[in-house]
Amino acid sequence: MINILWVDDEIDLLKPHILFLEKKNYNVTTCNSGTEAIDVLDDAKFDIVFLDENMPGLTGLETLHEIKEKQDNLPVVMITKSEEEYIMEEAIGNKIADYLIKPVNPNQILLSLKKNLDHSRLVSEKTTSNYQQEFRKIAMDLSMVNSYEEWVNLYQKLIYWEIQLEDIEDVGMFEILESQKNEANIQFGKFIDKNYSDWFEPNTDAPIMSHTLFKEKIAPKLSKEQPTLLVVIDNLRYDQWKVFEPIINNYYKKETEDAFFSILPTATQYARNAIFSGLMPSDMEKLFPQYWKNDTDEGGKNLYEAEFLQSQMKRLGLDNLDYEYHKITNLKTGRKLVENFNSLKNNDLTVVVYNFVDMLSHSKTEMEVVKELASNDKAYRSLALSWFKNSPLLEMIQLAHQLGFKLMLTTDHGTINVKNPSKVVGDRDTSLNLRYKTGRSLTYDSKDVFVAKNPKDVHLPSITMSSSYIFAKSDLFFAYPNNYNHYVSYFRNTYQHGGVSLEEMIIPFVVLNPK
């Protein structure tokens, strides 16, 4: 039974309301003053308090403060005759659950009870019901989807329901959604098999991809009239953007939100270099051999993004704009940029590459603590959100808002929780990534991979004359036969990227204006 404490110096006048609630099986304890209410709270447990604001002696606001001192999580509904703004602000500041203006009728009280005490159950039931209705439509869409636009719409729909369902009590519904995501990735792998190579042909209807993003989406928005902050968060999944969005909405309003496709491999050295150069990897290797490094080459693979950006700005006729490039790889460099952010206000474009999410996903492989904290997609989202709320990046966005910057936010690729191994055999020069391999004489299970036997077909460089590429589909990861069981145990349920999945390939590009 729900136990209610109702505090009002004219409690006798509320007898009809109390009888109404008792008939609905609520148990109501009454008090005539705030002092009495504080004493009663010491001796009994209550689920919610209805509190009159205007009482002699200890006022409603003073009583509210005392209640919150004792039981911060106890819901308190403030009831008042006054509509004065300062009273509302004071009550809201003290975390009231609801605010009702006298005279109140019994149904208002009942609605407030359901809103505050039955909220989780009612939301859970409604969400489950809505998803059950949507389930068949998603299943039907899955059998018919045949264009990149339809895949974007379907993936966004799956993300919406994943976030909606993550807090509900019906675990079975979430498991059904997971099975739909798995099926979607299987079908998406077949779609990429069939269409990816064609996207590079002239006059083909192709999505915006890593190498066309800057020219098609970023460059047209740049001007000398308003400074722009372009943030590239390495390895940001679309679902992570959706949980960041409400925080950013406190400072910015969304102008546009587009999904684009990461090139393959969905790995930083390929996809992010493609964004900044505006070129596919084979063209980078040909035109900028001093900057490009293949998988088997020694040294960092993303050391020349600023140089690639400079070349692209010049090629697009944007070299009249003042711009800077910054890469944040640790907390110290992030803090330093926050401290010096005011110095960026005269730039037309400031580019910030933020590596945290990438480090998080890789550290999950290496660190048992992070494995515990990010054991599934829900936990991974939560961990990324917790970081974002306390990050120098959010401080930069707040400062950019104050200085009137336009904000563009994007990523180079996403990541997927890998669960199932796929055996592969290659020579000692084969690349090491778990989601893609390039090398000679690769042996693999053809149903598990998207194959580029001729790298030129997908504009990738060849390490040797007979090199090919294979990309793992869905939630697979490559494992070598020797020491197989240890290898599989170590990498299963870790976040990896480089292959073919909705999570890795379909990623956000968002343009926002300061509020």
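Trainee: Which residues lie nearest the centre of the largest pocket?

Mentor: This is a predicted model, in which local features need pLDDT of at least 70, side-chain atom pairs count only at pLDDT 80 or more, and totals for chains, interfaces and linings use all residues. Residues are numbered from 1 along each chain as its sequence is written, and side-chain values use heavy atoms, with hydrogens and water left out. A pocket is an open set of points on a 1 Å grid over the protein atoms alone, where a 1.4 Å probe fits, with protein on both sides within 12 Å along at least five of seven lines, and lining residues have an atom within 4 Å of a point. Of the 24 residues lining the largest pocket, those nearest its centre are Q269, D295, K301, N433 and Y436.

Trainee: Which helix supplies the largest share of the lining of the largest pocket?

Mentor: Helices here are DSSP runs (H or I, at least four residues), as strands are (E, at least two), numbered from the N terminus. Both α11 (268-277) and α15 (356-366) supply at least two residues of this lining. The largest share, three residues, comes from α11.

Trainee: How many residues of the lining of the second largest pocket are charged?

Mentor: The second largest pocket has a volume of about 380 Å³, the space filled by probe spheres set on grid points joined across faces, edges and corners. Among the residues closest to its centre are E178, K181 and D377, and α8 (171-195) gives the most to the lining, with seven residues. Asp, Glu, Lys and Arg count as charged, Ala, Val, Leu, Ile, Met, Phe, Trp, Tyr, Cys and Pro as nonpolar, and the others, Gly among them, as polar. The lining divides into six nonpolar, seven polar and, for the charged class, eleven.
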